[in-house]
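Okay, thanks for coming, everyone. Let me put the model up and then walk you through the strands and the charges.

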Amino acid sequence: MDNSGTQMDWKETAHAHIFEIDLPGVSKEDVKLEVEEGRVLRVSAERKEEAEEKGEKWHCKERASGGFFREFELPENAKVDEIKASMRDGVLVVIVPKDEHRKKKPRKKGVEIYGEDEGEHAPKGLGRFVCCKA
């Protein structure tokens, strides 16, 4: 099982960040949720491969097995000590409350792009990196 096949949504409300991650065929006992380095939310899971029993024969086996993980850097206003999670019908829901007294700082920054023939320090334009923008 790899990260590319795992579907997720990240929604921000007035009071929380809400993650919904599809993990079909994975039990909550096989999911691990951790906060690393203060504000990095890491979700990992293991889908166990079903063993072939004596007298059985697979004709088709397309469902992936193995481990996967996803990491998300949480905003500065995330209350990491109050994270709650639940799992139902193969969907992991993680709720990260927001500290409403601590405003989220904008993290957008322009990055200069240089051309091959214009030298290392010649400005060419602005590049913007946006991840998971709906």
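Quick definition before we start: two strands pair if DSSP finds at least two bridges between them. Strands themselves are DSSP runs of E with at least two residues, and helices are H or I runs of at least four, numbered from the N terminus.

Now the ground rules. This is a predicted model, where local features need pLDDT of at least 70 and side-chain atom pairs count only at pLDDT 80 or more, while totals for chains, interfaces and linings use all residues. Residues are numbered from 1 along each chain as its sequence is written, and side-chain values use heavy atoms, with hydrogens and water left out.

So, what's in the chain? Zero helices and nine strands. Let's look at S2, residues 16-22. On one side, S2 and strand S7 (residues 91-97) run antiparallel, joined by seven bridges; Ile18, for instance, has Ile95 in S7 as its bridge partner. S2 is also antiparallel to strand S1 (residues 8-12), with five bridges, and the two make a hairpin with three residues between them. There, Glu12 is partnered with His17 in S2.

Is S2 mostly covered or mostly open? Mostly covered: five of its seven residues are buried. Buried here is under 20% relative accessible area, exposed is over 50%, and partly exposed is in between, with a 1.4 Å probe and protein chains only. Across the 134 residues of the protein chain, 24% are buried.

On to charges. How many salt bridges does the structure hold? Seven, counting a side-chain nitrogen of Lys or Arg within 4 Å of a carboxyl oxygen of Asp or Glu. One of them joins Glu73 and Arg39 at 3.3 Å, N to O. That pair links distant parts of the chain, 34 residues apart: Glu73 sits in strand S5, and Arg39 in the loop between strand S3 (31-36) and S4. Glu73 counts as partly exposed because its relative accessible area is 45%, and Arg39 does too, at 25%.

Then there's Arg88 with Asp89, whose closest N and O atoms are 4.0 Å apart. Arg88 is at 66% relative accessibility, so Arg88 counts as exposed. Salt bridges with shared partners also tie Glu36, Arg42 and Glu71 into one network.

Last stop: Glu50, Glu52, Glu53 and Glu56 form a negative surface patch. For patches, residues need over 30% relative accessible area and no salt bridge, with like charges joined within 9 Å. Glu52 lies in the loop between strand S4 (40-47) and strand S5 (66-73).

Notes
Patch = residues over 30% accessible without salt bridge, like charges linked within 9 Å, V, L, I, M, F, W, Y side chains within 5 Å. Areas by Shrake-Rupley, 256 points an atom, 1.4 Å probe, with all protein chains shown as cover. Lys, Arg positive; Asp, Glu negative; His and termini not counted. Charge placed at Lys NZ, Arg CZ, Asp CG, Glu CD.
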